[in-house]
Amino acid sequence: MSNDNADNNDPEIVVLDDGVPTAARVYDVMLDGKDNYAIDRQVAEASLAVMPELKEIALHNRAILHRVVRYLATEEGITQFLDLGSGLPTVRNTHEVAQEANPEARVVYVDIDPIVLAHGRAILQDNENTAVVTADIRKPREVLDHPEVRAMIDFDKPVCVMLCGILHHILDEEDPQAIVTALREAVPSGSFFFITNFTRLGDSPESEELERVLLSQLGTGRVRTPEELTRFFDGLELLSPGVVPLPLWRPEEIVTDATTVGVRFMTGGVARKP
Ligand code: SAM
């Protein structure tokens, strides 16, 4: 076991560097975090060589997450958030935004990467309304039946199911649609789904090139068409403005140029279960 992360000064946290990059740590590089290895930085560099806007895109993804959680907690009265593929704790996590709006809001972070649990536990040990669970959303029943999920989330009350930046890490043959369907069936009417995904740029080659880099170096990173992404919301009522480039979902700042790759490469939306 080794930890080549010189900046990680928490002695409790030692993670395995087995020379295999992970999505959580590559994303951490994009967000200028400190919890990543050389192998993750290599994937990030290869990705940035194809699409230099990726760091900006990661920030857009975090910004929409904040807007959506704040909106649902303040305007829709949502008190439970199931954050699937939550990633490493970073600046302004879901529980901070939700509990700022409502201190009683409950948040469960779920991620396949055990490094998330290690860091999450250290940060959240004093927060009784927040839990971190290691689980694989490709087995949605295991996520839904996990004792820590059950202890925190009441599935008789509306839940916000967050699939922010995760479904592109589920390959087509792993049937992401079936995962979303299983989750949709498990939550009551009045629940919300928040989904963002890499999106194919019809008019320029970067999105296909990035998909090639990610699939070959990380093993996941499926770029989907807007139609494929919209299908994830089947059976749900999309909130305005629908499935749109992330900065255009209820922006708090004027987007001066909506034509750039940085604005358009990730799209997403929010929908209510009727
Ligand atoms: N949701 C955060 C956000 O949008 O800022 C982090 C997104 S990060 C790009 C994707 C996360 O999904 C990674 O932390 C990765 O470990 C996690 N992930 C990938 N496949 C997963 C799976 N099958 N089950 C659970 N988590 C998964």
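## Basis of the description

Residues are numbered from 1 along each chain, as its sequence is written. Because the model is predicted, local features need pLDDT of at least 70 and side-chain atom pairs count only at pLDDT 80 or more, while totals for chains, interfaces and linings use all residues.

## Overall fold

The protein chain contains 11 helices and eight strands, where helices (H or I, at least four residues) and strands (E, at least two) are DSSP runs numbered from the N terminus. Its radius of gyration is 18 Å, close to the 19 Å that the globule rule gives for 274 residues, so the chain is as compact as a globular protein of that length; the radius is taken over C-alpha atoms, and the rule is 2.2 Å times the number of residues to the power 0.38. Taken along the principal axes, the C-alpha atoms of the protein chain fill a box of roughly 45 × 45 × 40 Å.

## Surroundings of the ligand

The ligand is surrounded by 21 residues, of which the closest are A24, G85, G87, I112 and G165; a residue counts as near if its C-beta atom, placed from the backbone, lies within 6 Å of the molecule. Helices α1 (23-30) and α3 (54-74) each supply at least two residues of this shell.

By class, the shell around the ligand has nine nonpolar, seven polar and five charged residues. In this scheme Ala, Val, Leu, Ile, Met, Phe, Trp, Tyr, Cys and Pro count as nonpolar, Asp, Glu, Lys and Arg as charged, and the others, Gly among them, as polar.

## Packing of α1 and α2

The axes of α1 and α2 (residues 38-50) come within 9 Å and cross at roughly 65°, the axes being lines fitted to C-alpha atoms over the stretch in contact, with angles running from 0 to 180 degrees between N-to-C directions. The crossing of α1 with α2 is right-handed; a crossing is right-handed if the near helix is turned clockwise from the far one by less than a right angle, and left-handed if anticlockwise.

In this contact, R25, V26, V29 and M30 of α1 meet D40, R41, V43 and A44 of α2, where two residues are in contact if their C-beta atoms, placed from the backbone, lie within 7 Å. The residues of the contact of α1 with α2 divide into five nonpolar, no polar and three charged.

The axes of α2 and α9 (residues 206-217) come within 9 Å and cross at roughly 165°. The two helices are therefore roughly antiparallel to each other, a term for angles over 145 degrees, just as those under 35 count as roughly parallel, 65 to 115 as roughly perpendicular and the rest as oblique. Here V43, A46, S47 and V50 in α2 meet E206, E209, L210, V213, L214 and Q217 in α9, and the residues of this contact divide into six nonpolar, two polar and two charged.

For α3 and α4 (residues 94-101), the axes come within 9 Å and cross at roughly 30°, which makes α3 roughly parallel to α4. Their crossing is right-handed.

## Backbone features

Most residues other than glycine have a negative phi, and most peptide bonds are trans. D32, which lies in the loop between α1 and α2, has a positive phi near 60°. A cis peptide bond joins S240 and P241, with omega about 5°, and P241 lies in the loop between β6 (237-238) and β7 (244-245).
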